[in-house]
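Me: Take me through the aromatic rings in this one, please. I'd like a close look at how they pair up, with the cut-offs spelled out as you go.

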Amino acid sequence: MSTPQLNIVKNQSLKAYNTFGIDVKANYFCEIDSQAQLFQLFNTDEYLNSANKLFLGGGSNILFTQDYAGIVIKVGIKGIRIDNNDENIIWVNVGAGENWHDFVLFCIENGLAGVENLSLIPGTVGAAPIQNIGAYGVELKDVLEGVEAIEMNNGLIKKFNAHDLKLGYRESIFKHEAKGKFIITSVTFKLSRVPTFNVSYGAINAKLEQNEIKELSIKAISDVVIQIRKSKLPNPAEIGNAGSFFKNPSIAITKILALQKAYPTIPNYPIDEHTTKIAAGWLIEQCGWKGKRVGNTGVHKDQALVLVNYGGASGLEIWNLAQEIIASVDVKFGIKLTPEVNVV
């Protein structure tokens with residue numbers, strides 16, 4: 001079967017390709033749906049002559065602050081296959097362009113446990129390892145077996161195991177030493193037919209009780225996570241946003257003890273005997289930002305971690321708002337917030 005011809009578009013608007021809905025343009029833009037098309041792209045003048053190259057998944061974790069002087073490639077490689085299995089463990093290989101939540105639903109329907117707490121996270125499967133996505137007590141690293149990627153400077157296929165990726169809190173090598181050097185084409189997950197339920201984090205237990213769920217299942221957990229996320233986070237189809245804009249900062253135990261003298265209710269989650277994680281949304285809310293609007297942008301009324309585009313905001317306006325929030329939290333608490341979103 002022949003590879004479909006690439007369609008490279010000049011001066012393409014990226015408004016439909018980022019969940020903030022920022023209307024910037026890329027010098028060149030194309031979508032690829034196979035490795036063969038990717039290798040075809042590597043030989044085009046548009047790719048070879050572009051100093052800047054950006055690979056996009058669902059555009060749900062990016063803020064464009066200006067037009068992109070280069071080529072933007074949307075990765076649309078699809079496919080879900082079971083690579084191997086034993087009595088209880090199933091290894092599933094997933095194309096980088098698959099929608100993350102659709103993959104989670106596939107797992108729920110097929111009785112594959114491990115990703116149910118990660119329901120309704122926006123974006124694609126290929127973007128998940130870059131960010132080491134996580135929610136409600138579960139992170140991608142808990143179920144990740146490996147990643148297949150193509151090295152951009154030579155076209156070689158490279159396989160990474162989970163250890164190679166140096167996964168941390170919203171961190172991986174793809175945000176540091178391997179940044180801009182690889183294109184993820186598929187991800188392999190190690191899932192289980194025997195679930196280990198994780199319901200202690202956040203509001204999951206309370207929601208299960210409210211729904212009168214007597215018997216736990218991966219579907220029941222997925223359903224309540226979806227309900228919680230929908231109640232707290234705005235739908236990007238209705239209002240532009242990229243989910244949580246900031247990471248929850250980690251600070252020394254000594255610092256939280258000092259802060260608790262002035263703020264006894266400050267939410268924190270111990271990581272180890274020396275470090276604890278602080279709820280960034282709480283810090284932002286204490287500085288008066290929750291629900292505040294600045295021009296066409298602002299902080300969401302229900303979740304202070306979420307910055308929104310009410311319509312017509314530029315990426316630079318949103319970035320300036322983020323800088324103001326960072327500065328105010330630093331002044332009030334002596335804690336410097338770090339964006340979770342990639343700023344371009």
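Reply: Accessible areas here come from the Shrake-Rupley method with a 1.4 Å probe, and for residues only the protein chains shown count as cover. On that basis the protein exposes about 16500 Å², with carbon and sulfur atoms supplying 48% of that area. Keep in mind that this is a predicted model, where local features need pLDDT of at least 70, side-chain atom pairs count only at pLDDT 80 or more, and totals for chains, interfaces and linings use all residues. Residues are numbered from 1 along each chain as its sequence is written, and side-chain values use heavy atoms, leaving out hydrogens and water.

Of the 344 residues, 49% are buried (under 20% relative accessible area; exposed is over 50%, partly exposed in between).

Now the rings. Those of Phe, Tyr and Trp (its six-membered ring) pair if their centres lie within 6.5 Å; planes under 30 degrees apart are stacked, over 60 edge-to-face, the rest tilted. That rule gives 14 aromatic pairs. One of them joins Phe174 and Phe182, edge-to-face at 6.4 Å centre to centre with 75° between the planes; both of these residues are buried.

Then there's Tyr263 with Trp282: ring centres 6.2 Å apart, planes at 80°, so edge-to-face again. This pair links distant parts of the chain, 19 residues apart: Tyr263 sits in the loop between α7 (253–262) and β15 (268–270), Trp282 in helix α8 (residues 280–286). Tyr263 is partly exposed at 22% relative accessible area, while Trp282 is buried at 14%.

Finally, Phe20, Phe245 and Phe246 form one aromatic cluster.

Notes:
Buried means under 20% relative accessible area, exposed over 50%, partly exposed in between (1.4 Å probe, protein chains only). Helices (H or I, at least four residues) and strands (E, at least two) are DSSP runs, numbered from the N terminus.
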